[in-house]
Structure formats: C-alpha cells, structure tokens
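Trainee: Please pick one residue and look at it closely. Then take me on to the salt bridges and the metal site.

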Amino acid sequence: MSELNRISEGRNNFELPKGTKMKNISIIIPTFNEKGNLQELFRRIDNSLDCAYECILVDDNSADGTGEFAEKLSRKYPITVVHRKNKRGLASAVAEGFKHASGNIFVVMDADLQHSPEKIPDLIKELEKERDVAIASRYIESGGTEKWSYFRRLTSYIAGFLVKTILPRVRRISDPLSGFFALKREVVKESNLDPCGYKILLEILIKGSYEEVAEVPFIFKGRKTGKSKLSLREEVDYLKHLYKLSKSEKETIRFLKFCLVGLSGVLVNLGLLWLLTEVAGWFYQISAVFSIEISILSNFILNETWTFREKRTSAIKVLLSRMLKFNTVGIGGLLINMAVLFTLTEFFGIYYLISEMFGIGAAVLWNFTINTWWTWKVKR
Ligand SMILES: Nc1nc2c(ncn2[C@@H]2O[C@H](COP(=O)(O)OP(=O)(O)OP(=O)(O)O)[C@@H](O)[C@H]2O)c(=O)[nH]1
Ligand SMILES: [Mg+2]
C-alpha cells in the first residue's frame with residue numbers, strides 16, 4: 001500500500017486530519033509519464049519557496065515509473081504521492097489531490113515545467129492581498145505562450161470564446177482555462193467538484209465559493225521533456241464539461257433560443273427567396289436582397305419578444321436603435337464568417353464546407369455575445 005493510500009484512509013474531503021502538522025501551502029501536481037521532469041520540478045519549487053509547503057503528486061499509474069520515482073524523491077522533498085490505478089484525467093486528478101492536501105492555500109500546476117515554479121510566490125502574494133483565487137494568466141499584458149502552432153492558438157482562442165459565451169460568470173476573467181493557479185482552501189471546501197477533461201479551474205470558478213479573483217501574467221513555456229497528453233479526446237471532454245457546467249446557467253437557455261431563432265431566419269430567407277423568384281417571378285438577386293432583410297427583421301422580432309423577453313419594450317426609438325444595432329452586429333458576423341471560411345480553407349487546407357461550419361459557428365457566437373452586451377444590454 002502506498003504512503004498516500006494509508007494517509008487517505010478514513011479521511012473526509014478537505015478536512016484536516018487530527019494531529020496533522022499544519023502546512024501552509026499544498027502544491028497539487030497531476031502527472032502522467034512525467035518522470036524526466038520531476039527532479040528539476042521539485043528542485044525549482046523548493047528554491048522558489050521560503051515557507052512550509054507540501055507537494056501532492058497525483059499519478060495515474062504512469063508506465064515510465066513517475067509515481068515510484070516521486071516516492072524516491074520524497075526522501076529529499078516534502079512530497080506525497082497519490083497512486084491511482086487508471087488514467088482518469090487531469091482535472092479529476094487535481095480534485096483528488098485537494099482531498100489529500102493539508103494546507104490553507106492550494107497551488108495547482110503541471111509537472112512538465114511549462115508552468116514556472118518561480119511564479120508560485122507571485123500567486124501566493126495575491127492571496128495574501130485578500131484575493132480568493134489567483135490565476136497565472138496567458139492572456140493579460142506580459143503573459144503569453146511559447147512555441148504554439150497557429151492551430152493550437154486557434155483552438156485555444158475558440159475554447160476561450162466558447163466558455164465566455166456559454167458561462168457568463170467567467171466572462172470577466174482573461175484566462176479561465178489556465179492550469180496554473182492558487183486558491184484558498186475555503187474556495188473548494190464545500191464545493192462538489194466533478195470535472196471531466198482538463199479544465200479544473202473552470203470547474204472551480206463555476207462551483208467554488210469566492211469573491212475576488214486576481215490574474216498575474218505568465219508565459220506558458222514550451223515542453224522540454226516528455227510528451228503532451230492533450231488529444232482530441234480532451235477536446236471532446238472539454239465540450240462535455242462545458243455542457244455539464246452550462247446546464248445550470250440561464251444564459252445557455254438564451255443561447256439555445258438565439259440559435260433556434262437564427263435557424264428560423266434561414267428558413268424564412270430560403271422560403272421567401274423561392275416564393276418571390278418562382279411564384280412572383282422576380283429576378284433572383286432582387287428576391288435575395290428582400291428575403292435577407294425580411295429574415296433579419298423576423299429574427300429581430302423573435303429575439304425581441306422571445307430570446308430577450310425580459311428586455312421587451314414598446315418605445316419606438318429604443319426599438320429602432322436595437323434594430324440598427326442588430327443589423328450592424330449581423331454585418332460583423334458576416335465578415336467573421338467570411339474571414340474564418342477564407343483562413344481555414346486557404347491557409348489550413350480544410351474542405352470549404354467544413355470551414356464554413358466553423359465560420360457559421362464563429363459568427364453565431366459573435367452575434368450572440370455582442371447582441372447580448374450591446375443591443376439588449378443584458379447585465380451580468
Ligand atoms: N494524473 C493525471 N495527470 C495527467 C493526465 N493527463 C495529463 N496529466 C498531467 O497534466 C499536466 C498537463 O498535461 P499536458 O499533456 O502537459 O497538457 P498541456 O500542458 O495542456 O499541453 P502541452 O502544452 O501540449 O504539454 C502534466 O503534468 C501531465 O502529466 C491524466 O490523465 N492523469
Ligand atoms: Mg504540458
């Protein structure tokens with residue numbers, strides 16, 4: 001039986017065990033085949049901290065012997081190893097780590113040195129300023145990513161856009177998908193974390209109890225040793241996770257309504273185009289201009305009376321201004337659609353109909369987000 005399996009016996013979630021020496025900082029590190037990074041990782045963590053700390057390493061039975069090697073290193077550094085039998089994912093590994101942590105402050109970071117241990121004191125300083133969560137952010141000034149391909153940048157951008165659209169609660173946070181952050185124990189003490197995939201911070205930001213969030217800039221470094229475990233499966237898990245978290249959010253229902261209205265607009269557009277051209281005998285380009293404008297109008301009316309129902313007004317001036325804004329946002333959406341279609345097809349060699357699906361997706365997200373903020377001014 002491993003050391004941690006012994007420690008974990010009879011232990012409640014997040015409760016300090018009696019007689020445990022109180023340590024201040026618990027650093028939770030999920031690992032899967034990271035043996036080559038451990039020595040440097042723990043040396044640099046140790047050099048960066050001048051207070052009591054513990055590392056909780058949660059390993060999913062790595063074939064390269066990460067778990068066993070970490071046990072060896074625990075003679076030199078304050079490491080506790082949690083051995084799990086199967087690969088159950090990064091986020092669930094961190095949630096598991098919280099259960100074994102004894103500090104008041106939890107720090108979460110990767111083992112592969114892409115998260116510089118030297119940044120930990122900056123995160124902790126933020127918590128000392130009465131912030132509840134401190135995020136190492138790639139997307140604020142002086143933050144960034146090293147050695148990322150255009151594709152990785154694009155998927156990260158889409159993932160960020162998606163989460164901010166679907167989960168308004170994280171909209172004001174620049175990097176809610178970061179894997180490097182610190183938090184007070186209280187934030188997750190009562191929360192029922194049940195994440196899937198990679199994004200444990202997202203789970204915490206939705207389910208945790210906190211008031212103040214700080215972000216400190218950091219550069220997400222390139223990997224030196226070992227392989228990335230990020231795969232298509234993690235992307236799918238991310239979507240599943242988003243869906244799970246969004247079910248309780250009112251904004252998701254609104255987003256679905258907005259999509260349905262958009263779909264009805266497509267039907268109105270096509271139906272009118274056919275009627276005017278085939279039945280009324282108009283030239284098809286004239287019919288198209290007319291049917292596009294009518295479908296925009298019908299979309300506007302449905303959104304006004306259904307999607308943004310609580311904002312309904314009969315003041316003509318407000319209605320006209322909304323209609324104008326709705327049209328303007330729609331033009332922006334069209335440009336985004338075209339830009340995505342062109343970029344994916346020309347630069348990434350993706351089949352144009354597939355590119356168009358991404359284009360439509362990006363335009364819908366844009367239209368929904370900007371109309372919510374600007375046209376109907378929904379407060380968060
Ligand atoms: N316990 C556990 N750890 C995991 C699992 N998948 C990934 N990890 C660890 O989580 C951290 C981040 O994984 P990476 O594969 O580096 O993901 P990433 O940093 O987002 O992606 P790259 O930039 O491509 O490296 C590393 O410390 C991994 O070893 C898992 O299923 N279980
Ligand atoms: Mg990595």
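Mentor: Start with Lys377, which lies in the segment after helix H13 (352-375). Helices (H or I, at least four residues) and strands (E, at least two) are DSSP runs, numbered from the N terminus. This is a predicted model, where local features need pLDDT of at least 70, side-chain atom pairs count only at pLDDT 80 or more, and totals for chains, interfaces and linings use all residues. Residues are numbered from 1 along each chain as its sequence is written, chains are lettered from A and ligands numbered from 1 in the order written, and side-chain values use heavy atoms, without hydrogens and water.

Now the backbone. Most residues other than glycine have a negative phi. Lys377 is not a glycine, yet its phi is positive, about 45°. Its relative accessible area is 45%, so Lys377 is partly exposed. Buried means under 20% relative accessible area, exposed over 50%, partly exposed in between (1.4 Å probe, protein chains only). Glu130 also has a positive phi, near 70°. Glu130 sits in the loop between helix H5 (120-128) and strand S5 (133-137). At 57%, Glu130 is exposed.

Next, charged pairs. A salt bridge is a side-chain nitrogen of Lys or Arg within 4 Å of a carboxyl oxygen of Asp or Glu. The structure holds 18 of them. Asp132 pairs with Lys184, with the closest N and O atoms 4.0 Å apart. That pair links distant parts of the chain: Asp132 is in the loop between H5 and S5, Lys184 is in strand S7 (residues 181-184), and 52 residues separate them. Asp132 is buried at 15%, and Lys184 is buried at 18%.

Other pairs sit within one helix. Arg44 and Glu40 meet at 2.9 Å, N to O. Both lie in helix H2 (residues 35-48), four residues apart, about one turn. Arg44 is buried at 15%, whereas Glu40 is partly exposed at 26%. Asp237 and Lys240 meet at 3.8 Å. They are three residues apart in helix H9 (residues 232-246), so about one helical turn separates them. Asp237 is buried at 10%, while Lys240 is partly exposed at 49%. Salt bridges that share partners also join Glu34, Asp112 and Arg223 into one network.

Asp112 leads us to the metal. Asp112 (OD) and Gln114 (OE1) coordinate the magnesium ion (ligand 2) at 1.7 to 1.9 Å. Donors are N, O and S atoms within 2.8 Å of the metal (3.2 Å for Na, K and Ca); water is not among the atoms, so sites may look incomplete. Asp112 is buried at 4%, and Gln114 is buried at 9%.
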